[in-house]
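Hello,

Here is the structure I promised to pass on to you. Please open it alongside this note, and then read on for what turned up in it.

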Amino acid sequence: MFAAALSTGFAAQASTISAKPDPKLVVVISIDQFSANLYAQHRPEFTGGLKTLSGGVVYPNGYQSHAFTETCPGHSTLLTGKHPNKTGISANDWYDVATGKTVYCLADPSATPADNPKGRAVSPANLVATTYGDWLKAVSPKSRVFGVSGKDRGAITMSGHRADGQFWYQAGFGFTTWVPTGQTAEERLKPVAAFNARLAADLKKHPYVWDYDKKLIGGSAKRCQALEADYETGGRKWRAALPIPVASDEAGQQRDLYASPYTDQVTLELAQTLRETYALGDGPQVDVLTVSLSATDFIGHRFGTRGPEMCDQIARLDDRLGAFLKSLDKVKGGVLVVLAADHGGADFVERLHDEGYDSERVIGKPWIASLNAQLRRDLELSWDPLIADGGIDQIYVVGPDRKAPLITDRARIAAAALALIQRDPAVAEAFDSNAILTMAPAPADAAIEELSVAERVRRSVYPGRVGDILVAFKPNRVPSTPGPTYVSTHGSPWDYDRRVPILFWWKGATPHERVLPLDTVDIAPTIAAVTGVKAPADIDGVCRPLVYGQPCG
């Protein structure tokens, strides 16, 4: 009787097995600062693209399993199959003690920005790992790989070293890219030149005003408007409400445009344009399109994650994603869509505090200044020995010239600083990076959610780029200085910053919820197996079968 019932149960389950994905186009979407909490909060309201993608294989408990949960390192894990300690991207910025200068994660002096020769020069050079697109092109040279984003670090780190185009939005210009030695800005911008011209003409004719979108299905305008309220952050009183007041100068107007749903709207429009222009997915080979949507991050930093601004952003994003996915119906081959995030994020401290949560800010400049003053007294130093230009979770020990100190000075300063930091009631744990670099990594089968703080930090550190002292502030002790356009942040080793949704969708997929955790480094080997591409042997991620009861790949 039991065996018969068990057999019947398996038969019923087998009848719902998905058609196996067989894509000619792989689309990987990252929503910047899209935490698992934000996904869960708004999931019942989805009516567009996020609802569609939630009808595939859903991992509501995905993880960026490293400690320093920022945009550049988080994006570097999505398609390399490696943690930041192997991608080389340990933070958005790091301090180079050899030169005494702060280095942006994608900085490359040999490259030139296409929109402004004097702008920030970037390229994939600092990414020491390869991406799925690189693996694909190595075995299928005719495959095309394009990356688009609101940020350079979203476009480049996902599409890799051999991409056919990497474009990101620059307010006041349109979509730009980087120019290697021997090429011109004109030829590098050719794929987006007509698109940029149309954007400029449209904005001139119809300036963008961010107000509630009353046309969206589901009545989001009324729901979001109900969240309006008054707040005070950093001594500034402001009202969380739409529309956003129009800035008085052009620089302010461009800043506001960038930090609005407009950035995601035009990023998705360009993604669709590139797909259609280059017939991605229409040929015999597999093509790749990576799309990093940045507006949720901009809005989270500026307005927090639970006000009317984020409510409207998520509703618009859902709607625009729906239109983008609809455009993929024209692809001649199969399409596999993957959605994830580079990191999560929490709401701003003052709103959480007013709701009864024990949340506090740690203000960076006075915090590091106090440490330096104490060390100068205790060690009888004539200089400030600590620098934290990239954030006070990674601190660098320097000599009088703000460069690498003597080995003996480094040792005694680091030891004294660690003792002070570990006594700080706002700090959970702090480490000397030398100890972290020499510790054994967590076992390959270690449970993601159970990693120790040290093990999370171990997955973040890359020699020569990571700080000398690594700090994990206690949960809800947020190193964030509020300003006129900044109220909240991310970057901690805690789950509100680490947990992200990971979704796999294709036509024919049977809705399937998997509650056990998935690491973002598992995404690339899973896609590789589906498309018959061999992943490098040294990756951290593992393939996960997308179809129930079938082997991976």
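The model, which is predicted, holds 3 disulfides. A disulfide is a covalent bond between the sulfur atoms of two cysteines. If you number the bonded cysteines in sequence order, they pair as 1-2, 3-4, 5-6. Let me take you through the pairs along the chain.

Start with cysteine 72 and cysteine 105, which are joined with an S to S distance of 2.2 Å. The angle about the S-S bond is 90°, and the link between cysteine 72 and cysteine 105 is right-handed. Both of these residues, cysteine 72 and cysteine 105, are buried.

Next, have a look at cysteine 224 and cysteine 311, whose sulfur atoms are 2.0 Å apart in a disulfide. Cysteine 224 and cysteine 311 are both buried.

Then come cysteine 543 and cysteine 552, which form a disulfide with their sulfur atoms 1.4 Å apart. With -65° about the S-S bond, the link of cysteine 543 and cysteine 552 is left-handed. Are these two cysteines buried or partly exposed? Cysteine 543 has a relative accessible area of 25% and is partly exposed; cysteine 552 is also partly exposed, at 32%.

One helix is worth a visit as well. In α11 (residues 250–258), you will find Gly252, Asp256 and Leu257 buried. They span an arc of only 135° around the axis, which places them on the same side of α11. What covers these buried residues? The cover includes β7 (165–170), α9 (193–205), α12 (262–277) and α13 (295–303). Turn to the face of α11 that points away from the buried side, and you will see the exposed residues Glu250 and Ala251.

Happy exploring, and do write back with any questions.

Best wishes

Technical notes
Residues numbered from 1 in each chain as written. Predicted model: local features only at pLDDT ≥ 70, side-chain atom pairs only at ≥ 80, totals over all residues. Heavy atoms only, no water. Disulfide = S-S within 2.5 Å. Buried < 20%, exposed > 50% of the residue type's maximum accessible area, 1.4 Å probe, protein only. Helix = DSSP H or I, 4+ residues; strand = E, 2+ residues; numbered from the N terminus. Arc of directions from axis to C-beta. Contact = heavy atoms within 4.5 Å.
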